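Reader: Can you walk me through this one? I am new to reading structures.
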Amino acid sequence: MQLKIGDLKKLQETINYTARHDAVTKTLNGTAFAAAVEHYIDRRKRIATDAGGVMIAVVIDTLDDISRRYGPQWADTVMQSLAAIIQSSVRKGDLVARLATNELGVFLPGATIENAQDVGTRIRRRVAEASFSAEGSPMTIGIRLGGAVFEGPTDFTHIRQLADEMAMERGGEREDAIPLSRLPAA
């Protein structure tokens, strides 16, 4: 009986992990990421802390081209590599998730603008230093970064929309600083 209970616990853990994580990147999926950010925001309201946070959107411009040219398995491999690069670039306690086919999100709880800029700079530098190739041909990986800073009450949807807007409008610039916009305090 104890063996069966142990097997059931392992199965439940596997099911929970699978439900919360992206199968390709092994990062949080969008639903679990949104829930974690919302939980952080709700907890901040209850304990009345001033520590806000930053969300960074990482949009991979060239992923569709890679998929069409080399096949979807290569696009998945690129996403796995980018997720690993991003996870090695963030601080302990930061969250990384796959939000869309060509987008990863980073949540930096309690981060300052300087913290976010440091993380963004590390991501850009490490992606630029990485070597990507398929079938013997080098691949160019184009990314856009943009972020949203928040301090007051808000919700995940507003944070993500602003981070995406910043990435799409100005996030492809080749400078170290990532474009950040501050959500208005309520």
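Reader: Which residues make the nonpolar surface patch of about 300 Å²?
Author: Leu 8, Leu 11 and Ile 15 make that patch. For a patch, residues need over 30% relative accessible area and no salt bridge; like charges are joined within 9 Å, and nonpolar side chains (Val, Leu, Ile, Met, Phe, Trp, Tyr) within 5 Å. Areas come from the Shrake-Rupley method with a 1.4 Å probe, and for residues only the protein chains shown count as cover.
Author: Before going on, this is a predicted model, where local features need pLDDT of at least 70 and side-chain atom pairs count only at pLDDT 80 or more, while totals for chains, interfaces and linings use all residues. Residues are numbered from 1 along each chain as its sequence is written, and side-chain values use heavy atoms, with hydrogens and water left out.

Reader: Where is Leu 8 found?
Author: Leu 8 belongs to helix H1, residues 2-20. Helices (H or I, at least four residues) and strands (E, at least two) are DSSP runs, numbered from the N terminus.

Reader: Is Leu 8 buried or exposed?
Author: Leu 8 counts as exposed, at 55% relative accessibility. The cut-offs are under 20% relative accessible area for buried, over 50% for exposed, and partly exposed in between (1.4 Å probe, protein chains only).

Reader: Now the sheet. What is the order of the strands?
Author: The order is E1-E3-E4-E2-E7-E8, in an open sheet of six strands with mixed pairing. Two strands pair if DSSP finds at least two bridges between them.

Reader: Which strands stand at the edges?
Author: Strand E1 (28-29) and strand E8 (180-182) do; each has a single partner strand, so one side of each is left without a neighbour in the sheet.

Reader: Which helix packs on the sheet?
Author: Helix H6, residues 156-170, packs there and touches strands E2, E3, E4, E7 and E8. The direction of H6 makes about 140 degrees with that of E7. Contact means heavy atoms within 4.5 Å. Axes are lines fitted to C-alpha atoms, for helices over the stretch in contact, and angles run from 0 to 180 degrees between N-to-C directions.

Reader: How many bridges join E3 to E4?
Author: Five, and these two strands run antiparallel. A hairpin joins E3 to E4 through two residues. E1 and E3, in turn, run parallel and are joined by two bridges.

Reader: What does Arg 98 stand opposite in E4?
Author: Leu 104. Arg 98 in E3 is also the bridge partner of Asn 29.

Reader: Which residue forms a salt bridge with Arg 98?
Author: Asp 22 does, with the closest N and O atoms 3.5 Å apart. The two lie 76 residues apart, with Asp 22 in the loop between H1 and E1. A salt bridge is a side-chain nitrogen of Lys or Arg within 4 Å of a carboxyl oxygen of Asp or Glu.

Reader: Is Asp 22 buried or exposed?
Author: Asp 22 is buried, with a relative accessible area of 16%. Arg 98 is buried as well, at 12%.

Reader: How many salt bridges does the count come to?
Author: Eight.

Reader: Which residues are linked in a network of salt bridges?
Author: Glu 103, Arg 160 and Asp 164. From Glu 103 to Arg 160, the closest N and O atoms are 3.1 Å apart. Between Asp 164 and Arg 160, they are 3.5 Å apart. Asp 164 and Arg 160 are four residues apart in helix H6, so about one helical turn separates them.
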